[in-house]
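Try each task before you read its solution.

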Amino acid sequence: MPAALDQAAAALITQTATRTVDALAAQNLFHFSAPRHTLVGAGATLKLGELLQSQSVRRVFIVADQAVHQRGLLAPALRSLSRATIEVELFTGIEREPGVEVIERGVASLAQSDADFVLGCGGGSAMDAAKAIAVLGSCGCDLDALTAAGFEGRRRIGLGAVPTTAGTGSEVTDISVIMTGSQHHKIVAKHATLMPDVAVIDPTLMVTLPAAVTAATGIDALTHAIEACVASAGNPLSQAFAMSAIGEIARALPVAVGNGSDLAARQTMAVAAYKAGLAFSNAGLGLVHALSHQIGARYGIAHGVANGILLPHVMAFNALVCRTDYAAMAPVLGVPGAGSSGCNSSYSSNGNNERRDCDNTIAAVRRLLADIGLPDNLVPFGARVEDFAELADGALQDICIQTNPRDVAPADIIPLLQKAMQPPGPQSPASGF
Ligand SMILES: NC(=O)c1ccc[n+]([C@@H]2O[C@H](COP(=O)([O-])OP(=O)(O)OC[C@H]3O[C@@H](n4cnc5c(N)ncnc54)[C@H](O)[C@@H]3O)[C@@H](O)[C@H]2O)c1
Ligand SMILES: [Fe+2]
């Protein structure tokens, strides 16, 4: 063989061997992302100015929920920014479930504002709007580009979030959910550049939240934690955050619903929603969210309410492949006599029946939903069996379906929706699929 060919063959062998070794060495890696700065505690918003000043922020464009603004909940943040001599521009046109039009108006206002930081203040609706406005405004692109595969835009402006609900975890996720007005369809944008740089968790901003909204948003957080715990892209960190959020929500949510001014319960819920957000942003979600995006948009059902109706049905369906994981949630949820506590890898049924622990977990979730007064079926919202095939198609195209632990076909979703049309019977087995 000529010397040149000899050398080429040797180089190829070395290259192949190196790649193989690297591939073997790089197994079981995971990446975990979170905001760079998080401030937590009663009155944390009063420290916002100092924090942004330390980041050399000059002018903040605040994207706020209309009702949150009217209730005066922006006052502590505004005082703090003023003390830090940071200028402010307010954009307060956000109502429930932001649509493309309000995002476009926000992008146009941001362009006029000379701001170097966007701050979302409100529930998931306001935070998601702020995230989309910051990214689209600084990349000069539209929502289609942001949701397209391989989007390479980078936000060139700071981004922060101050939640006033304890639910979506949007303050720690790389996700923004936007409604397309005409089609009654939700677009889920997921990209690293949507992750806020700063999250400020202040439970004093949550005491004005009505009981029904506390219940619905709290169940959104519980759904994030349960779906993230069994999501196919999960990792040990996301599972630890998710499992700890499940226990905290089970304990604190009934108190926060029953006594809205209990600051300790509000703080526990706010931190649990944050943990659940971290978990699902890094692990993915599942069929509950894939389907709730469809029924929420179609019938105008609040996001947390839609999740609550679907959650026990989807858990029963997924139990086939994640019985151990659900069983591990039983002690965390305080189910009497369940196997020892801990996250799924350390769960031990202690001779108890794993199937029984799994069924008790689903029953405990149903009981929590009933205790806090959330609806358990779709009938009051005008759901129609004729729509189910289209809703199933939409769910199968939703990004959240990609990490559901069990394979899902349209033929699986339609019976599940049919079950969600009826109140659960007292005799119905929890994991019946
Ligand atoms: N980005 C994400 O990771 C993510 C995750 C889940 C859901 N979402 C999206 O978030 C949106 C839902 O957000 P949400 O559940 O927080 O509800 P929301 O932001 O729509 O707010 C619900 C209602 O509560 C009011 N409100 C908010 N804070 C209040 C307070 N402190 N006191 C009194 N009233 C208050 C609002 O004015 C609104 O009427 C949906 O669009 C959903 O699809 C996003
Ligand atoms: Fe959600």
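**Exercise 1. Find the handedness with which α11 passes α12, then describe how the two helices pack.**

Solution. Step 1: in this predicted model, α11 passes α12 in a right-handed crossing.

Step 1: take the axes. Those of α11 and α12 come within 8 Å and cross at roughly 140°.

Step 2: classify the angle. Only angles over 145 degrees count as roughly antiparallel, so α11 and α12 are oblique to each other.

Step 3: list the contact. On the α11 side it is made by Leu 287, Val 288, His 289, Leu 291, Ser 292, His 293 and Ile 295. On the α12 side the residues are His 303, Ala 306, Asn 307, Leu 310, Leu 311, Val 314 and Phe 317.

**Exercise 2. Work out which residues coordinate the iron ion (ligand 2), and what kind of site they form.**

Solution. Step 1: look for donor atoms. Asp 220 supplies OD, while His 224, His 289 and His 303 each supply NE2, at 2.1 to 2.2 Å.

Step 1: inspect the angles. They run from 83 to 170° among the four donor atoms, and the site is irregular. For comparison, four tetrahedral donors would ideally give 109.5 degrees. A tetrahedral label would need all angles between 85 and 135 degrees.

Step 2: check the surroundings. Asp 220 is buried, with a relative accessible area of 2%. His 289 is buried too, also with a value of 2%.

**Exercise 3. Decide how α8 and α9 are oriented to each other, and then examine Ile 246 in α9.**

Solution. Step 1: the axes of α8 and helix α9 (residues 236-258) are 8 Å apart, and the packing angle is about 160°.

Step 1: the two helices are therefore roughly antiparallel to each other.

Step 2: the crossing of α8 past α9 is left-handed. Residues making the contact include Ala 211, Gly 218, Leu 222, Ala 225 and Cys 229 of α8, and Gln 239, Ala 242, Ile 246, Ile 249 and Leu 253 of α9.

Step 3: turn to Ile 246. With a relative accessibility of 0%, Ile 246 counts as buried. Leaving aside residues up to four places away in sequence, Ile 246 touches Leu 222, Ala 225, Ile 226, Cys 229, Met 329, Val 332 and Leu 333.

Step 4: From C-alpha to C-alpha, Ile 246 and Gly 308 are 14 Å apart, with 62 residues of separation in sequence.

**Exercise 4. Describe how α12 and α15 cross.**

Solution. Step 1: the axes of helix α12 (residues 303-332) and helix α15 (residues 410-419) come within 10 Å, and they cross at roughly 135°.

Step 1: that makes α12 oblique to α15.

Step 2: the crossing is right-handed.

Step 3: in α12, Leu 310, His 313, Val 314 and Phe 317 meet Asp 412, Leu 416, Leu 417 and Lys 419 in α15.

Step 4: Ala 389 belongs to helix α14 (residues 388-397) and, at 45% relative accessibility, counts as partly exposed.

Note on methods: Residues are numbered from 1 along each chain as its sequence is written. Chains are lettered from A and ligands numbered from 1 in the order in which they are written. This is a predicted model: local features need pLDDT of at least 70, side-chain atom pairs count only at pLDDT 80 or more; totals for chains, interfaces and linings use all residues. Side-chain values use heavy atoms; hydrogens and water are left out. Donors are N, O and S atoms within 2.8 Å of the metal (3.2 Å for Na, K and Ca); water is not among the atoms, so sites may look incomplete. Four donors count as tetrahedral if all angles lie between 85 and 135 degrees; four count as square planar and six as octahedral if opposite donors are over 155 degrees apart and all others between 65 and 115; anything else is irregular. Buried means under 20% relative accessible area, exposed over 50%, partly exposed in between (1.4 Å probe, protein chains only). Axes are lines fitted to C-alpha atoms, for helices over the stretch in contact, and angles run from 0 to 180 degrees between N-to-C directions. Helices (H or I, at least four residues) and strands (E, at least two) are DSSP runs, numbered from the N terminus. Angles under 35 degrees count as roughly parallel, over 145 as roughly antiparallel, 65 to 115 as roughly perpendicular and the rest as oblique. A crossing is left-handed if the near helix is turned anticlockwise from the far one by less than a right angle, and right-handed if clockwise. Contact means heavy atoms within 4.5 Å.
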